[in-house]
Amino acid sequence: MKRSIVFLAISLGLAAPAMAQKKYDPGASDREIKIGNTNPYSGPASAYGTIGKSIAAYFKMVNDQGGINGRKVNFLSYDDSYSPPKTVEMARKLVEQDEVLFLFQTLGTPSNTAIHKYMNMKKVPQMMVATGATKWNDPKDFPWTMGWQPNYQSEARIYAAHILKTKPNAKIGVLYQNDDYGKDYLKGLHDGLGARKSMIIKEVSYEVTDPTIDSQIVQLQASGADVFINITTPKFAAMAIRKAYDIGWRPTQYLNNVSIGIKSVLEPAGLEKSVGAITLGYLKEPTDKQFENDPAIVKWREFMKKYYPEGSLVDNLNVYGYSVGQTIAQVLRQCGDNLTRENIMRQAASLKSYRVDTLLPGVMVSTSASDFAPIEAGQLQRFDGKEWVRFGDVVGK
Amino acid sequence: MNRKIFLIIILLLIAGGLPFLVSNYRTFQLTLVLVYAIALLGLNILTGYSGQISLGHGAFYALGAYVAAILMDKAGMPYWATVPVAGAACFAAGFLFGLPALRLEGLYLALATFALGVAMPQLLKYPLLEKWTGGVQGIVIQKPDAPAFLTAAGIPLNPDRWLYFFTLAVALVMFLLAWNLLRGRVGRALVAIREQHVAAEAMGVNGALYKSAAFGVSAMFTGVAGALGAIAVQFVAPDSFNIFLSITFLVGIVVGGLASIPGALYGALFIQFVPNLADEISKAAPWAIFGVFMIGFVYLMPTGVAGAVRLLTARRRSP
């Protein structure tokens, strides 16, 4: 009897914090959680708009299944046409007028840069932004901003480590897009090679507006490089792979994760010309044969059919939206009844090896108070003409 | 005339009271309306009054924004001092661009300015300028606070309201300037060139000079607007100033009313609020909805909102 009273007292004591009175910031109530978002549904980057739509579909599914801790998610997403001033206006509308609890997956590096200071001044979370720039992982100066996907620099460092291990005498040629995205990768590569930076014998760049990159590929071949690091967006990645093959250049090729879609990049380049390309994967690619019957991808396809039937089943951006949806749902579940902005940041910063089923096996979502980069791992994979074949261990943190 | 002054006073009272009645976010939107109104006024001087179509005014808006941002960021200049500098820089740029471009007539000029508008974002990304422009990353600007003397005088204004009143003051000066310029000799000369340039030259109007000057003044107005816009948004980047901005300006003056000073304000309200409205109606095709609105406006008010207002008041006065 005495023991059971002690037990009761202890369990009550433990339960007490969890049952503490509900705490809300604007945008949260007993019935709903209001989340804001901006996405380019129109304009030059509108291909990315499908991310916003797949996230909205994900929340629709969550709501159909009873919501999160009994609360429905109200996902407000506005079009910013990838124009930073519009993002500022829409972010202010979401924060000041719609009074959302936080912003989630606002898309684009320039757009997020435009609201970076504002969100941190307002102390409203700018949660899991949809860009791979490295600057979102800066909890000391910007405690209200967090990224999600592996950032460009850590990806490039993994390639550098792999080259140093497997080909210590490599002569490296780099092709990169001349903007913050390309330069971010380049910096990671330089940092990763460290003292061996001189292994890079040629760096050439292109503008996103260039019609072709043929001359850059010819220059790289002429330099005598035997390792080719391909830091390009999908259209240019396909052109680069094809051109290199056609002029008889056969270096070891590293292809950045931005452009590994089989349907969108490798098929246009020519599957046989893409054989041997190495990349770092973290998401399950929906067009990859090995995931044909993978339970997570099968579940994802069912989700797509039911909640986002007009979305493309071969577009890995829709897997991306689904995966990031799972992550934020977990953060909100962890928040329990304490839905303050501060607690959301705290919970998002204490994900301990959380497993999202559409990420590659072994890739975990982990954060801490000093680490605002949720996904930092991936696995190297090589294209065999049909699918990406993973090799080695999961690398990165 | 008395009636007009009375109306203007009422309008000013409304403009002065509005930020105290609405949220900070709305105040920010109203600030943008004033910014766009100045830009549209500039374009209207060129297109509405002197009849030259420009599809590249976004470039001057960008130039003004960048001049202001760079001066604040690199030279530590106070925000208010950057506005006249941006205006002067754009006047020079517009005048110089005008000299050769004005040998081109009508659609050919439209194409030349279109090229300018298309090229601007890429010029801003140019590696050699990156030291100042920040390349694709752009420049983040500090938001100005209300000046200390106002706070000391017991009139506390939050930054959004202060920025609104600052923009309102600049807008008033610019509108007065335009009004003075356009209702007199210069305005008549510009209209004469638009209507029949051979006859205008025969009357002693120096066509080339007036056209270049119109281009310069027009660019100056737009540049001032760009500087104010940069201060309000607190960020400039090449992606903010794509060709769509220039086209939006053209839409604004046509919807608001060509060759009309109040038309600039109506047009600014249109380009600020109608896209948001369209986005709320349909996520799938916001621009299709925007197009419907645009066609509706042009069809129902062929002389712009300003023309329709003029028609309505004229009808009321002469029953």
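I count two strands as paired if DSSP finds at least two bridges between them. The model I am reading is a predicted one.

**Sheet, chain A**
I looked up one bridge first: A:Ile35 has A:Phe102, in β4(A), as its bridge partner. Strand β2 (residues 32-39) and strand β4 (residues 102-104) of chain A pair in the parallel sense, over two bridges. I then traced the whole sheet and found four strands in the order β3-β2-β4-β5 (chain A), open and with parallel pairing. β3 and β5 (126-127) of chain A have a single partner strand each, so one side of each is left without a neighbour in the sheet.

**Helices on the sheet**
I noted that helix α2 (residues 49-64) of chain A lies across β2 and β3 of chain A, at about 165° to β3(A). α3(A) also packs on the sheet, where it touches β2, β3 and β4 of chain A. Its direction makes about 175° with that of β2(A).

**Helix α4, chain A**
Ten of the 14 residues of α4(A) are buried, among them A:Ile115, A:His116 and A:Tyr118. Just after α4(A), I read a positive phi of about 60° at A:Lys123.

**Contact with chain B**
I found 21 residues of chain A in contact with 19 residues of chain B. On the chain A side, β3 (72-79), α3 (84-97) and α4 each supply at least two residues. α3(A) gives the most, with eight residues. By class, I list eight nonpolar, five polar and eight charged residues on that side of chain A.

Conventions
Residues numbered from 1 in each chain as written. Chains lettered and ligands numbered in written order. Predicted model: local features only at pLDDT ≥ 70, side-chain atom pairs only at ≥ 80, totals over all residues. Buried ≥ 20, exposed ≤ 12 C-beta atoms within 10 Å, placed from the backbone. Contact = placed C-beta atoms within 7 Å. Nonpolar A, V, L, I, M, F, W, Y, C, P; charged D, E, K, R; others polar. Axes fitted to C-alpha atoms, helices over the stretch in contact; angles between N-to-C directions.
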